Amino acid sequence: MTRGFSALAVALAGGIAALGLLDNATSIAFWSLVVLVVFVCWYGLEALAAIDKPHWVGALLVPGLFGVLLVWLWQVLVVGFDIPMVLLPSPARIGHQLAANAGQLWQDFRQTFLKSVLAGFALGSAAGFIVALLVDRSPFLQRGLLPLGSLVSAIPIVGIAPIMVMWFGFDWQSKAAVIVVMTFFPMLVNTIAGLAASSDIERDLMHSYAAGYWQTLLRLRLPSALPFIFNALKINSTLAMIGGIVAEFFGTPVVGMGFRISVEIGRMNVDMVWATIAVAALAGSMFYGVLALIERGLTFWHPSYRQEQS
């Protein structure tokens, strides 16, 4: 661990020095320093990634520091090669837009994520879960509904978004409806697979205890299906974010992340577009991370987690 932190400290000093020399980015010495910083930082991250305990070093610190390295490289390469802003703005310009337009970005986040994404995610996932229980109970539904659900999942967003706007209006309800369509099928398929994951021996044991259908479902099959259900929830968390933003391209009040991207790209205000993308990416990542933490707390008994702890 000491070697890793020492290497990262050296890389940090070199990275700060490189940022201070960006005005002389054409010199060989500058690019030699950039290459040296990357290699030293890579060595430090490799040393930290090899550490088993404490767990937070490999799970949180290494990915976080690697992300910082990528942002630093982004800044150095964009400024060093003088890339036009309309092609790729630097992280510094994006950060300036985040700070200067925090209020506007918050309103967009509130409209898209807190209203459309969360509502559509909850309704779509719940509907998929409930229908999966019905399908599990009825072989007729399993044979008739699954092919239909596969057909619905193959419909492109750009095809259903305008229709949902016509049905439900321009506010968040139409975006939530698009998200429901996108998130229903992943939850349906994963829940059905999870309910079938328990072994015949386990079911025979429950039968020997005179357990009925609902007792077997609640005490055996649903706990066994939890990893599959959380897998669907994590998939849906990203699908919901994408669906909510894309659906706003087809009609929305003058607020929302999709609306902001559409308007600002028309003005060639690319750094504001990237600032909106950064907010969406951060929100989606945190949403996914919260679900992963809940999954870890509820499925600690799963073999994959037991292997990590051993």
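Visitor: Quick one to start: is E264 buried or exposed?
Guide: E264 is buried, with 4% relative accessible area. Here buried means under 20% relative accessible area, exposed means over 50%, and partly exposed lies in between (1.4 Å probe, protein chains only).

Visitor: What kind of model is this, and how are things numbered?
Guide: It is a predicted model, where local features need pLDDT of at least 70, side-chain atom pairs count only at pLDDT 80 or more, and totals for chains, interfaces and linings use all residues. Residues are numbered from 1 along each chain as its sequence is written, and side-chain values use heavy atoms, leaving out hydrogens and water.

Visitor: Back to E264, then. Which side chain does it meet in a salt bridge?
Guide: That would be R267, at 3.3 Å from N to O. A salt bridge here is a side-chain nitrogen of Lys or Arg within 4 Å of a carboxyl oxygen of Asp or Glu. R267 is exposed, at 59%.

Visitor: How many salt bridges does the structure hold?
Guide: Five. Another one joins K234 and E295, 2.8 Å from N to O. This pair links distant parts of the chain, 61 residues apart: K234 is in helix α10 (residues 213-247) and E295 in helix α12. Helices are DSSP runs (H or I, at least four residues), numbered from the N terminus.

Visitor: And how accessible is K234?
Guide: K234 has a relative accessible area of 14%, so it is buried. E295 is buried too, at 8%.

Visitor: Changing topic: what does R93 pair with?
Guide: With D271, the closest N and O atoms being 3.4 Å apart. R93 sits in helix α4 (residues 91-100) and D271 in helix α12 (residues 270-298), 178 residues apart. R93 is partly exposed at 41%, while D271 is buried at 3%.

Technical notes
Helix = DSSP H or I, 4+ residues; strand = E, 2+ residues; numbered from the N terminus.
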